[in-house]
Amino acid sequence: MLLLAILLPPLYFLLNQKLGMCVLTSAMFILAFFLACTIVMIPGALILWVIAMIAALRHHRRKEMNQNMVKHADLIATKMSEKLQPTQTPPPISSPTRK
């Protein structure tokens, strides 16, 4: 997915069901294509491609971080539930001593 985010950001957003970003990056790619056809405006086309690529990479990084946070939270919750489970036999209740 990372390679797809770098090379074809519109397709990356389409596969991740982000239709607004897909339309926006597709428009940028179409404009970049027409700018690249003029040969003089190739730097402008590269700038548009880099902007679309950065947006896709940021989205990919946020998605990966979110998945890692969910995994980490599940791991912590599992460990805490194991730690807080009541023991099989309750501790004996001692009678208070009188002086």
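This passage describes the fold, the surface and a part of helix H4 in a predicted model.

Local features required pLDDT of at least 70 and side-chain atom pairs pLDDT 80 or more, while totals for chains, interfaces and linings use all residues. Residues are numbered from 1 along each chain as its sequence is written, and side-chain values use heavy atoms, without hydrogens and water.

The protein contains four helices and zero strands. Its elements run α-α-α-α from the N terminus. Helices (H or I, at least four residues) and strands (E, at least two) are DSSP runs, numbered from the N terminus. Of the 99 residues, 18% are buried. Buried means under 20% relative accessible area, exposed over 50%, and partly exposed in between (1.4 Å probe, protein chains only). The accessible surface is about 8,200 Å², and carbon and sulfur atoms hold 71% of it. Areas come from the Shrake-Rupley method with a 1.4 Å probe. Among contacts (heavy atoms within 4.5 Å) with a separation of 6 or more, 45% join residues 24 or more positions apart.

Helix H4 spans residues 42-84 and includes Arg-61. Arg-61 is exposed, at 54% relative accessible area. The C-alpha atoms of Arg-61 and Leu-2 are 9.1 Å apart, although 59 residues separate them along the chain.

His-59 also lies in helix H4. This residue is buried, because its relative accessible area is 13%. Beyond residues up to four places away in sequence, His-59 touches Tyr-12, Phe-13, Asn-16 and Lys-18.
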